[in-house]
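Thanks for coming. I will take the core of this structure, then the sheet. Please have a look at it before I start.

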Amino acid sequence: KRVLRFNYSTWFYPQNGFKLEIRHVVLISATFVQITFGLRISVLDHLNRIKIFPAHYLDPRTKRQYKGEVDINGMICLSWEDFEIGLRDEKDGRNVGLHELAHAFAIEIIEKDTHYSDLLMTLKPVFLRAKAEIIHPEHRHNLLREYGYSNMHEYFAVSSELFFERPDYLANSESPLYKELCDVYNQNPFEQYQAYEMRKASENKA
């Protein structure tokens, strides 16, 4: 139901000859549902337009190549090639879809704070931590790749990739970041994955 709701409330625009298929729409929609599954809704009211490029694309404004980006004016851009690469290895902590949709999620909350006051309160500790670790590198737990320390939004997006793909890595660190992200997303993937592995082991024994 959540995938369908996201699909119906979002506009998808194929770019540069990309042939848009149902599977593309479903996989992108499912990625956003993955990060918002613990929350009341799985839609974007403001950032609800997505451009899909076949591969890396050139931004005419910056003259740079991108795998994805989020425009504060309401547009999300994704390279499908890189989106699929992110799906192939679900435990490497790198996922363009999770990264860009986490950006969209955070920007939506911040820009439309009157609609998401409860979420804004859970997001605040993560952004405060990001600011502190960016300004004072000596306070970092060095959990993120260097790009995650470029600004507060990248800190959130990169840590969100790890939260969903390598929750054990964050959960077993000494940083409070994992607990803070659990509060933001209202999920605990580390415990969920542990429960899944225990069930799988039990079924194999049987």
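Which residues have the most contacts inside the largest nonpolar core? This is a predicted model, where local features need pLDDT of at least 70, side-chain atom pairs count only at pLDDT 80 or more, and totals for chains, interfaces and linings use all residues. Residues are numbered from 1 along each chain as its sequence is written, and side-chain values use heavy atoms, without hydrogens and water.

The answer is Ile28, Ile76, Phe105, Phe156 and Tyr185, in a core of 49 residues. A nonpolar core here is a set of buried Ala, Val, Leu, Ile, Met, Phe, Trp, Tyr and Cys residues joined through side-chain atoms within 4.5 Å; buried means under 20% relative accessible area, with a 1.4 Å probe and protein chains only. Among the elements giving two or more residues to this core are helix 2 (22-36), strand 6 and helix 8 (177-185). Helices (H or I, at least four residues) and strands (E, at least two) are DSSP runs, numbered from the N terminus. Helix 4 gives the largest share, 9 residues.

A second, separate core has 5 residues, including Phe53 and Met75.

Strand 1 pairs with strand 2 (residues 49-53) in the parallel sense, over 4 bridges. There, Pro14 has Ile52 in strand 2 as its bridge partner.

How values were computed
Pairing = 2+ DSSP bridges. Buried < 20%, exposed > 50% of the residue type's maximum accessible area, 1.4 Å probe, protein only.
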